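Q: I would like to learn how to read a protein model step by step. Could we take some features in turn, with the general idea placed beside the case at hand?

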Number of protein chains: 2
Amino acid sequence: MDYPRLFEFVESRKEEFLAELGSILRIQSVSADPTKKGEMLRCAEAVSAAMRSVGIENVKLHETEGNPLVYGDYQHSPGRPTVLVYGHYDVQPVDPVSEWETPPFEPTVRGSDLYARGSSDDKGQLFIHLKAFQAMKTIEGDFPVNLKYIFEGEEEIGSVHLEPFIRSHADLLKADVVVISDTAMYGRDMPTICYGLRGMAYTELTVRNAQVDLHSGSFGGAVENPVHVLADIISRLHDRYGRVTVPHFYDDVAQVSDVEREEIARLPYSDAEFLRQSGAVAPFGEYGYSTNERLWIRPTLDVNGIFGGFTGEGAKTIIPSKATAKISMRLVPDQKSTRVLDLFESFVREIAPPTAIVELKKLHSGEPAITPIDHPAVRAASAALEQVFGAKPYFIREGGSIPEVLTFQESLGAPVVLLGFGLPDENSHAPNEHLYLRHFFDGIKTVAVLYDKIGGK
Amino acid sequence: MDYPRLFEFVESRKEEFLAELGSILRIQSVSADPTKKGEMLRCAEAVSAAMRSVGIENVKLHETEGNPLVYGDYQHSPGRPTVLVYGHYDVQPVDPVSEWETPPFEPTVRGSDLYARGSSDDKGQLFIHLKAFQAMKTIEGDFPVNLKYIFEGEEEIGSVHLEPFIRSHADLLKADVVVISDTAMYGRDMPTICYGLRGMAYTELTVRNAQVDLHSGSFGGAVENPVHVLADIISRLHDRYGRVTVPHFYDDVAQVSDVEREEIARLPYSDAEFLRQSGAVAPFGEYGYSTNERLWIRPTLDVNGIFGGFTGEGAKTIIPSKATAKISMRLVPDQKSTRVLDLFESFVREIAPPTAIVELKKLHSGEPAITPIDHPAVRAASAALEQVFGAKPYFIREGGSIPEVLTFQESLGAPVVLLGFGLPDENSHAPNEHLYLRHFFDGIKTVAVLYDKIGGK
């Protein structure tokens, strides 16, 4: 493939590409707002039109009980790999509108960035793929890969209709690799590949004693206090080295190679910046691991909420009848949520006292996801980034989950490459969302090169 | 004094006394109900009339910003001790009315009990004192003591105007001993004197880290979790023997004599009954003490409420920015609330970690109160009870506080004798409140004998 011509083409069409993206950014496709149903449909149709205009075929809106999914493909390379691209056309709400410097649905270039709701998350990144298609089709005429596109309109409200669609349309979506551009690079002009996500095991632990709150004058000191029991249990879930004490919790944690830890270590990081971003008093976590390692390659256990007894203003002298903690564990490969939840329950039952009743509810879980950094698809993405950015990409993971990643992996049996062009501070869920323009244009180039690399040409 | 004649007199007037009490019980003096202002005044006037009718002098309604206080006296024994009697004419709300077997303001005798709101708490017990006065005046003609009466109409809503009145009318209320009949006997026909109350030191402990809740995917494992810190602190407030670990917490706890512990030990007690009353899974508390000792003679520390982070239904993956616990300590003589609060704060600050911010708010406190069981006034009450009930009284304490006890002790410098004729299961704050009739009539006899004993005749 003639990369210089490709790059030239993208550089020459900047104004045009921005104008086209702008027309989609003007649509108020806020999925959380029930009054915006019409805008959702209008946006799905605008995305469809943009797909057709660059030459993507079989474009179709698939109705769901919520907002439609947009599908399209271009399959003219038999025997070649098939790439499935996922993105979403819905956006976050814009409140508080008063904090926006320019209106959220009037795309505005200021300095090096394009400001608009959805510019980074995810209309801008979705659009990168359409323009990469257009560039390649214009420059090369044909493709070394087959391409499929699936864009949803409910990512910001939980993607509830995506998973059933993927499962019931496994043939339609069948692919050798899934590419998602909905994450952030580690920093400006720092090409990044995210290759791992943590999973989740979420439980609710309730300690009960009496049927009703008791007067602490009449009973204080002579009955077990459920808050004391719950606090004791929580305090026994970590040791003094920040490790989770649930027996066998770490048994299935896959060894992380020295290469990966070196990759993490070479990332720019400063405590000061981490504290600025988090607002925390100090970095704190498992002994022997750096902040990024704690976030990405180590499983954790956190209380997400706690409540019991009197929680109003002032003083009320009761012994609470019960106390509840929401407790979740972030999992890493190769932990399995069901096993971890079982281990947690066994441990809690083992340390529960005979003076109260302990109840456990399993609320929610998801498996960790990883695409090994030496996987051919990841290597292709790495080569594409290096080609465009002129530097070897950084390999990162994320501490959170992207549930659809796992759904794609499990339902289609395909690896997922997270090739994000956003930035961590682009306010994707806050006022003044913006997209770094260089990443937008270099993203278009990178995706086109990626198709080329996956095609092995 | 001619006790047989006194007892005969009371027995011969049962119907009359009950009818008179009934007319006061019919008045709906619910102090918590703002629509009942007229009933409050009507009740204060009915109490005044009842006082005048038995011969109490200088009866007067003292207006407050709330409900009036009723005062009266009979001071014709110069050089003799003065007894101040306290009671209250307001009652608890009656909801849910549908659960009353007979209407709350239609006094009804069923079996051995009189059913009506206020029968036990405290109109019935207040009335005991008026009838004792009448009996003594009728039988003896004169009194070996001087008598003062103060009855309030806001006990069920916090006695907010009582303390300022006591402090500003210390001369009017000056007495050698204060008698309060507003507590319960340990059981039916078990004469009881309550000689101690626990105090209270109430604090609010907040642990903070970030300014806002953090996404546990982005930060979980790399920042301190305030709930973990709070749980750790709470878990370190008791040792494995149920003792409070705050250094010097027990330093000022007065030694309880063997006699007192023997008194407590001879009280009927069963775990089964305690568990029925409390609904607790098991008796539990400080090692080496019985349930009653844990409730009465030992200080305690309890979390009254806890909250932080996500407390709704389902799952939310956050690291809470802060967590708060309401923590109170029940104090016993000679602990001082200010010192205990200081000790608590020092300990919490000492064990607080460097990874979060700990804030402490002192909310509320009250001192423990005690009238030594060998105090002459207590001995007189004991002798009076034995005279009437034919058995040595039980000496008990209460695990809660009665703030006015301390106010009387501090403002008047007089010991308080808690001579209650109620019963723990008389539903004083619930539907179907009732008063055991034998205690009503024997109460009248006991109070008359008490005046005689205090007068030393």
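Q: How many residues of domain 1 of chain A are in contact with residues of domain 2 of chain A?

A: Please keep in mind that this is a predicted model. In it, 7 residues of domain 1 of chain A are in contact with 8 residues of domain 2 of chain A. On the domain 1 side of this contact in chain A, the residues divide into 4 nonpolar and 3 polar, with no charged ones. The domain assignment gives domain 1 of chain A as 3-197 + 368-454 and domain 2 as 199-253 + 299-366, and the C-alpha centres of these two domains of chain A lie 40 Å apart.

Q: How do I read two packed helices, and at what angle do the axes of α1 and α15 of chain A cross?

A: Two packed helices are described by the angle between their axes and the distance between the axes. Here the axes of α1 (residues 3-12) and α15 (residues 437-454) of chain A cross at roughly 145 degrees and come within 10 Å, and the crossing of α1(A) and α15(A) is right-handed. From α1(A), the residues A:Tyr3, A:Leu6, A:Phe7 and A:Val10 meet A:Phe441, A:Ile444, A:Lys445, A:Ala448 and A:Val449 in α15(A). Sorted by class, this contact of α1(A) with α15(A) has 8 nonpolar residues, no polar ones and 1 charged residue.

Q: Which strands form the open sheet in chain B, and in what order?

A: Strands of a sheet pair through backbone hydrogen bonds, either parallel or antiparallel. In chain B, 3 strands form an open sheet in the order β4-β5-β18, and the pairing is antiparallel. Because β4 (108-110) and β18 (434-436) of chain B each have a single partner strand, they stand at the edges, and one side of each is left without a neighbour in the sheet. Neighbouring strands of this sheet are turned by 25 degrees against each other on average, direction ignored.

Between β5 (residues 113-115) of chain B and β18(B) there are 3 bridges, and B:Leu114 stands opposite B:Leu435 in β18(B). Helix α15 (residues 437-454) of chain B lies across β5 and β18 of chain B, running at about 60 degrees to β18(B).

Q: Where does the largest share of the side of chain B that touches chain A come from?

A: In this pair of chains, 71 residues of chain B are in contact with 71 residues of chain A. The largest share of the chain B side, 9 residues, comes from strand β11 (residues 300-309) of chain B. Strand β11 (residues 300-309) of chain A and β11(B) run antiparallel and are joined by 5 bridges, with A:Gly308 opposite B:Ile306 in β11(B).

Terms used: Residues numbered from 1 in each chain as written. Chains lettered and ligands numbered in written order. Predicted model: local features only at pLDDT ≥ 70, side-chain atom pairs only at ≥ 80, totals over all residues. Pairing = 2+ DSSP bridges. Helix = DSSP H or I, 4+ residues; strand = E, 2+ residues; numbered from the N terminus. Axes fitted to C-alpha atoms, helices over the stretch in contact; angles between N-to-C directions. Contact = placed C-beta atoms within 7 Å. Domains from an automatic or database assignment. Nonpolar A, V, L, I, M, F, W, Y, C, P; charged D, E, K, R; others polar. Left-handed = near helix turned anticlockwise from the far one by under 90°.
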